[in-house]
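Here are a few notes to read alongside the model if you are new to it. Take the points in any order you like, with the viewer open.

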Amino acid sequence: MNKIRVVARIDVKNEFAIKGIHLEGLRKVGNPNTMARNYYNNGIDEIVFMDAVAAYYDRNSLRELIQEACTDVFIPITVGGGIRTIDDIKNALNSGADKVAINTKAVQDPNFIMQSAKIFGSQCIISSIEAKKIGENKWEVYTDNGREPTGKDVVEWAQHVEELGAGEIMLTSIDREGTKKGFDINLYQSVIHSVSIPIIASGGMGKSSDAVKLIKHVNVDAIAIASVLHYKIESIKEIKNTLLESQIKVRI
Amino acid sequence: MKIAIVDYDIGNVRSILSAFENQGANVFLTSDKDEILKSDGLVLPGVGAFSHGMENLKSYDLVDAIKEYAISDRPFMGICLGMQLLFEESEEFGETKGLGLILGKVVKLPTKDSQNEKLPHVSWNELNSNKAPWENTILTDIEEGSDMYFVHSFIAQPRDSDNILSTTEYSSHHFCSSVKKDNIYGCQFHPEKSGPTGLKIINNFIRMCQT
Amino acid sequence: MSKELEAYYGLPSKVKFCKKCVISNQRPSSTIEFKNEKGEKKKVINFNEDGVCSACVYHDEKETGIDWEDRDVKLRSLLDQFRSNDGSYDVIVPGSGGKDSAFTAHILKYKYGMNPLTVTWAPHLYTDIGWKNMQEWMHTGGLDNILYTPNGILHQEMTKNAFHNLLHPFQPFIVGQRIIGPAMAKKFGVKLVMYGENQAEYGNSIEENTNPIMNMDFFSSDDVLSMKFGGVSMQEYIDTGKYTKDDFAPYIAPDKQDLVDNGIEVHYLGYYLKWDPQECYYYSVDNTGFQANPVRTEGTYSKYSSIDDKIDPFHYLTTLIKFGIGRCTYDAAQEVRNDKITREEASYLVEKYDAEFPDIYFKDFLEYIDTTEDEFWKVIDKHRSPHIWKKVDGEWILRHTVSNTGADD
């Protein structure tokens, strides 16, 4: 039986891991490599490194970080934030990343997803979607780390990126992100029926029961968690045990 | 003792290098025929399209060298696309010919219901044994039901079921997740991305190269 | 022989940027706003001989030179003096429910056991997020509030005058905002008023920081009729026949002696606690239901600062025009000092966002101050000091920027 993946999301600014709320704020929470290694050793299934300030500075600078990470972290590593060109993807993959997450550039130029998927394969290309609730069962796509509204509907955009060749979608609720108030279940419910590629739910987990609640309602393929780990609210073992006790299959 | 990893400009090889180095192997990347033939172990990595993989192997002029190495009885491991290339052909984008080292072909992973079982198959999933025991293979001392990391949309179907080393279930379908034919191994999953258990498999392979 | 360029407002003629943060030497210090009149010479932030601004100097001192445990002891003993034991309010916390006042009021109540009454001088025009945060402050933060909204007709006229005469549309607002704390204290019989941060955080004279008590001159006056709003004195407004002294009740600063006699003290919490605006954001999200702006605030990169008033962006637009520094400079300078971003990153952000025109509420602003777009630009351009702005091919360009990309750099 395939398992739900529990993914650690580490937002990075220069040499620090940071954690914001609603994708705002740069509070330092540790060293990203130390944290990645720690989570790997404690049974996390995957790591996502997001450059939290790539949008500000029109750069992306995670190369050294990934190079170091993949010398002792032997699980899939995704890198996102400021991926704007084919070369950016090439550099990321050559540095040791398995997948890249793309948001802003894809919204500006959807063809970029198609191009990247063709060259590197869909399995390498994650479409990162930042969703802000704007009405009853309606969410708007944002770019630039939750700063710029686009006027696009999240469900429509999700369908579009699948058509373009994205291999997975990492769907982040800006409203819940960093709040530890639980996942925006309606968001994932709205999207899941419109796409057939894997969905990683991101944003809002404060305790294991949040994950159980989400997974029992919606067939997401993975959950990306941050605050609950970075602030040491629960351990990976505790989270996975709770999931198993609720008959949710995860890798032990 | 040197293990060669085929460099044919496809996929992320840095992780494989790191994993092998982590397990103490003397490992190097190469697209040189002679280096391949001289090595004590060979790894064929790869992600992406079958046809692209074969095209690159041809343009790097490595097909013959790999075939020659394969019949030399030294350990050989194909990973993910690398495993698929071991077979005769693939139905992806029409029919493309593979290396033909193991009889069988590569087909799309059948899924019943696109809602609950999506493609690509991206997840951790269990290895189940087939007829042959895992002792003295790359799966030595690996626990039955261990989770490995998969990311693929196609699978290999060996004609001879004796070649099936492990199966894995997805979408109510049991597909071949690893193969063994004499000295040739293939892993549909990524051992270099499968945590400590994956490293153990790599370690098993390295030990075989040492003997 | 280069011609020396005229510097308006008595600003320093040579533009310099702090070596540590990104603020320039043109930044004005806080003034007694109701004395603010046209053509007044501005007192500005001080730069030491190493080219470092006083806000950075103060920040370094904050890090190493202050015994915060001792300050906490001082805070507790101060609060002990004023804490009520009969359920009555014992501290007035002025604020809008933004991150700073949300933090201040909540921590005084829930950590230090005080009984605060928060008082809000209403924004000119509430933004949706501003209103929501204000309500959450009460409903989620568990606090009491009085929202004081001054007569809109008068306030609008004063704001219009302030824009046209001083290019400082917020001037009347600031007068009211500063007065409301002590005024409410007097009304409710509360002796202690607690603001959040001290303006020295941002570059007022450092000596002000050794004093926890706000300078009384900011909010009290001996001669009420001479108080100026938008450069026009109260007497002049009354003389038009449209208003009487009654209309100015919200703005009449309490009598100084009166305050002294009533034992009213105005303190800064920032004197007693090590202040970090970004941490106030995190605290207020966790405790008072605060939400950041859903989109990037115009003129800057951030989402958590000053988001409750539609007129707010125009305050920063006018600082850009008069002093060459916009909202992003203020935000970035603060974050550099608090070690959130580097000076290089700050410079990059300033270059990217400082001059962004606040489009979203432009129409609302013009309507509020009853001014046409043409008139607006005429007033704006009149206030561009020649030593800061240069007209190049019909466009106004800054002569100097922190990234050295100005017309004269």
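**Notes on chains A, B and C**

1. Start with where chain C meets chain A: the contact takes 16 residues from chain C and 13 residues from chain A. On the chain C side, helix 10 (277-288) and helix 13 (343-353) each supply at least two residues. Helix 10 of chain C gives the most, with 4 residues. By class, that side of chain C divides into 10 nonpolar, 2 polar and 4 charged residues. Keep in mind throughout that this is a predicted model.

2. Helix 10 of chain C also has a partner within its own chain. Helix 3 (residues 99-110) of chain C packs against helix 10 of chain C at an angle of about 65°, and their axes are 8 Å apart. The crossing of these two helices is left-handed. If you want to find the spot, look for residues including Phe103(C) and His106(C) in helix 3 of chain C, which meet a set in helix 10 of chain C that includes Tyr281(C), Ser284(C) and Asn287(C). The contact between the two helices has 6 nonpolar, 4 polar and 2 charged residues.

3. Now for chain B against chain A. Here 29 residues of chain B are in contact with 28 residues of chain A. The elements of chain B that give two or more residues to its side are helix 1 (14-22), strand 8 (121-126), strand 10 (147-152), strand 12 (164-170) and helix 6 (195-210). Sorted by class, this side of chain B has 10 nonpolar, 12 polar and 7 charged residues.

4. Two of those elements turn up again around a sheet in chain B. Leu42(B) stands opposite Phe76(B) in strand 4 of chain B.

5. Strand 5 (residues 89-90) and strand 6 of chain B pair in the antiparallel sense over 2 bridges. Glu89(B) has Lys97(B), in strand 6 of chain B, as its bridge partner.

6. Last, chain A, where strand 11 (residues 199-202) is worth a look. Ile199(A) and Ala201(A) point one way from this strand, Ile200(A) and Ser202(A) point the other way, and all are buried. Strand 10 (residues 168-173) of chain A runs parallel to strand 11 of chain A, joined by 4 bridges, and Thr172(A) has Ser202(A) as its bridge partner. With helix 8 (residues 185-192) of chain A, these two strands make a right-handed β-α-β unit.

7. Strand 11 and strand 12 (residues 222-225) of chain A run parallel, with 3 bridges between them. Ala201(A) finds its bridge partner in Ile223(A) of strand 12 of chain A.

Note on methods
Residues are numbered from 1 along each chain as its sequence is written. Chains are lettered from A and ligands numbered from 1 in the order in which they are written. This is a predicted model: local features need pLDDT of at least 70, side-chain atom pairs count only at pLDDT 80 or more; totals for chains, interfaces and linings use all residues. Two residues are in contact if their C-beta atoms, placed from the backbone, lie within 7 Å. Ala, Val, Leu, Ile, Met, Phe, Trp, Tyr, Cys and Pro count as nonpolar, Asp, Glu, Lys and Arg as charged, and the others, Gly among them, as polar. Two strands pair if DSSP finds at least two bridges between them. A residue is buried if 20 or more other C-beta atoms lie within 10 Å of its own, exposed if 12 or fewer, and partly exposed in between; C-beta atoms are placed from the backbone. A crossover is right-handed if, with the strands pointing away from the viewer, the path from the first strand over the helix to the second runs clockwise. Axes are lines fitted to C-alpha atoms, for helices over the stretch in contact, and angles run from 0 to 180 degrees between N-to-C directions. A crossing is left-handed if the near helix is turned anticlockwise from the far one by less than a right angle, and right-handed if clockwise.
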